[in-house]
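This briefing goes through one protein chain, topic by topic. Please keep the sequence and the 3D view at hand while reading.

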Amino acid sequence: MAIALSASLLLVSGITSPALGDSGARNVAPPKAFYLSLGDSMVFGLQFDRLFEMLDAGTYTPDAFDTGYTGGLAARMRQLRRDQQTVNLSCPGESTATMIKGGCEYTLPEPDGPGLALHTDCEGPQLDAAVSFLRAHRRRVGPITVSIGGIDAAAPDAEIILVSFHNPFSISNPGTDRLWQRHYTAVQKGAARRNDVRVVDVAEIVNANNVCQLTFLCDSGDSHPTDAGYRRIAEQIFRVAGYRR
């Protein structure tokens, strides 16, 4: 839950987004030339069984993780803008600290990490790479989705959406749902509200009623969504962004 205490990521760039709000009342900006996806393993589309199978077979490629919500949302947006390109800077295992300072273990060579490739490789911290990309493509990026515990990255004219994930301890420790909402989801929503950013609360989609169908928690203890779970999340982001209108 330490991620939730690092909403200071919102302030790193010193620039906030335009008023978006949860109500979706303002006019919806259409998808721009680039969709920028930031965050951790949920953004990457990771699923442990698929990862371990590829590692054992020596066939690992980040392209195999194309069923995450990033890919699902990108596919929906391409129905509105066929030439949109997706830039996925996510790194499995990324924390707010490593996002700001660098050092995501997923890409570190052994013995510090597995040394695996990302969807979009970049040098240095993910946040720096995001800010550099946005500055190099001013007014051409939107939306930006973030799932890590904070938001904002030097794009005052972009649609910024915070994706707040479900409780990964809901099966092993059912009593933690209230704590998760208080110390993780509420902190994220508060930070988003102060910066007028939309929020997708995945707990509204993945919960006690369907967690076994939409994640691998019940089968293998893996809290990452199934393909169906990722599709549901992507559709919710599309809806919250207002693109359905």
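Which residues do ring pairs link into a cluster? They are F44, Y60, F65 and Y106. The model is predicted, so local features need pLDDT of at least 70 and side-chain atom pairs count only at pLDDT 80 or more, while totals for chains, interfaces and linings use all residues. Residues are numbered from 1 along each chain as its sequence is written, and side-chain values use heavy atoms, with hydrogens and water left out.

**The chain as a whole**

- The chain contains nine helices and seven strands; helices (H or I, at least four residues) and strands (E, at least two) are DSSP runs, numbered from the N terminus.
- Of its 245 residues, 52% count as buried; buried means under 20% relative accessible area, exposed means over 50%, and partly exposed lies in between (1.4 Å probe, protein chains only).
- The chain exposes about 11,300 Å², and carbon and sulfur atoms supply 50% of this area. Accessible areas come from the Shrake-Rupley method with a 1.4 Å probe, and for residues only the protein chains shown count as cover.
- Among contacts with a separation of 6 or more, 71% are between residues 24 or more positions apart; a contact means heavy atoms within 4.5 Å.

**Aromatic rings**

- A pair of aromatic rings is described by the distance of the centres and the angle of the planes.
- Rings of Phe, Tyr and Trp (its six-membered ring) pair if their centres lie within 6.5 Å; planes under 30 degrees apart count as stacked, over 60 as edge-to-face and the rest as tilted.
- The structure has ten aromatic pairs. In one of them, F34 and F133 have ring centres 5.3 Å apart and planes at 90 degrees, so this pair is edge-to-face.
- F34 belongs to strand β1 (residues 34-39) and F133 to helix α5 (residues 126-136), so the pair ties together parts that are 99 residues apart in sequence.
- F34 is buried, because its relative accessible area is 8%. F133 also counts as buried, at 15% relative accessibility.

**Salt bridges and a charge over a ring**

- A salt bridge is a side-chain nitrogen of Lys or Arg within 4 Å of a carboxyl oxygen of Asp or Glu. By this rule there are four salt bridges.
- One of them joins the side chains of R76 and E235 (2.9 Å, N to O). This pair links distant parts of the chain: R76 is in helix α3 (residues 69-78) and E235 in helix α9 (residues 227-241), 159 residues apart.
- R76 is partly exposed at 22% relative accessibility, and E235 is partly exposed at 23%.
- The charged end of R76 also sits over the ring of F238, 4.0 Å from its centre. The rule is that NZ of Lys or CZ of Arg is within 6 Å of the ring centre and within 35 degrees of the ring normal.
- D201 and K189 form another salt bridge, with the closest N and O atoms 3.1 Å apart. D201 is in strand β5 (residues 198-201) and K189 in helix α6 (residues 177-194), twelve residues apart.
- D201 is buried, with a relative accessible area of 6%, whereas K189 is partly exposed at 28%.

**A nonpolar surface patch**

- F48, F52 and L55 form a nonpolar patch on the surface, with about 260 Å² of accessible area together.
- Patches are made of residues with over 30% relative accessible area and no salt bridge; like charges are joined within 9 Å, and nonpolar side chains (Val, Leu, Ile, Met, Phe, Trp, Tyr) within 5 Å.
- F48 lies in helix α2 (residues 48-57) and counts as partly exposed, at 31% relative accessibility.
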